Amino acid sequence: MTTGGKTLADRSAELRTWIRTGRARQLRVDAGLSQALAAQDCEVTASTVHRWEMGDRLPRGRNIAVYHGFLARLVEREQRGGEHDGE
């Protein structure tokens, strides 16, 4: 299955890299979002986002696509110069 030109395997690999390098957390922090807001967007708990960001756990199943999508939107926003999307 592909979404946005990337397979689930591609998104999973990119997500693991973002987590391992600290980019996942940095994207959220730079966007001024709390773990609670990220969790709400991903429909998980804030402690789950914390465990993902720390690399204690990795997203599985549908959460791979959901969390990757959340972070990909932050990457796009960063590339557009940090403009807000109605937040």
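Predicted model: local features only at pLDDT ≥ 70, side-chain atom pairs only at ≥ 80, totals over all residues.
Let me begin with Trp18, which at 9% relative accessibility counts as buried, and which sits in helix α1, residues 8–21.

Staying with Trp18 for a moment, its C-alpha atom and that of His68 are separated by 9.3 Å, although the two residues are 50 apart along the chain. If we leave aside the neighbours within four places in sequence, Trp18 is in contact with Arg23, Ala24, His68, Leu71, Ala72 and Val75.

Let me move from there to the aromatic residues elsewhere in the model. How many aromatic pairs does the structure hold? There are two, and one of them is formed by Trp52 and Tyr67, whose rings lie 4.6 Å apart, centre to centre, with 40° between the planes, an arrangement that is described as tilted. Because Trp52 lies in helix α4 and Tyr67 in helix α5, this pair ties together parts of the chain that are 15 residues apart in sequence. Trp52 and Tyr67 are both buried. In the other pair, the ring centres of Tyr67 and Phe70 are 6.4 Å apart and the planes are at 10°, so these two rings count as stacked. Tyr67 and Phe70 are three residues apart in helix α5, which means that about one helical turn separates them. As for accessibility, Tyr67 is buried at 1%, and Phe70 is likewise buried, at 5%. Taken as a group, Trp52, Tyr67 and Phe70 make up one aromatic cluster.

Next, the charged side chains. A search of the whole structure finds five salt bridges, and I will go through some of them with you.

Which residue does the side chain of Arg28 meet in a salt bridge? The partner is Glu53, at 2.6 Å from N to O. Arg28 lies in helix α2 and Glu53 in helix α4, so the pair ties together parts that are 25 residues apart in sequence. Are these two residues buried or exposed? Arg28 is buried, and Glu53 is buried as well; for Arg28 the relative accessibility is 7%, and because the limit for a buried residue is under 20%, it falls in that class. Helix α2, where Arg28 is found, runs over residues 23–30.

A second salt bridge joins the side chains of Arg73 and Asp41, at 2.5 Å from N to O. This pair also links distant parts of the chain, with Arg73 in helix α5, residues 62–79, and Asp41 in helix α3, 32 residues apart. Here the accessibilities are 42% for Arg73, which counts as partly exposed, and 40% for Asp41, which also counts as partly exposed.

Another salt bridge is formed between the side chains of Lys6 and Glu14, at 2.6 Å from N to O. Lys6 is partly exposed, with a relative accessible area of 29%, and Glu14 counts as partly exposed at 25%.

I would now like to turn to how two of the helices pack. Helices α3 and α4 pack at an angle of about 105°, with their axes 8 Å apart, and they are therefore roughly perpendicular to each other. The contact is made by Gln35, Ala36, Ala38 and Ala39 on the α3 side, and by Ala46, Val49, His50 and Glu53 on the α4 side.

Glu43 is found in the loop between α3, residues 35–42, and α4, residues 46–54. What is the phi of Glu43? It is near 60°, a positive value in a residue other than glycine. For background, most residues other than glycine have a negative phi. Glu43 is also exposed, with a relative accessible area of 62%.

Terms used: Residues numbered from 1 in each chain as written. Heavy atoms only, no water. Helix = DSSP H or I, 4+ residues; strand = E, 2+ residues; numbered from the N terminus. Buried < 20%, exposed > 50% of the residue type's maximum accessible area, 1.4 Å probe, protein only. Salt bridge = Lys/Arg side-chain N within 4 Å of Asp/Glu carboxyl O. Phe/Tyr/Trp six-rings, centres within 6.5 Å; stacked < 30°, edge-to-face > 60°. Axes fitted to C-alpha atoms, helices over the stretch in contact; angles between N-to-C directions. Parallel < 35°, antiparallel > 145°, perpendicular 65-115°, else oblique. Contact = heavy atoms within 4.5 Å.
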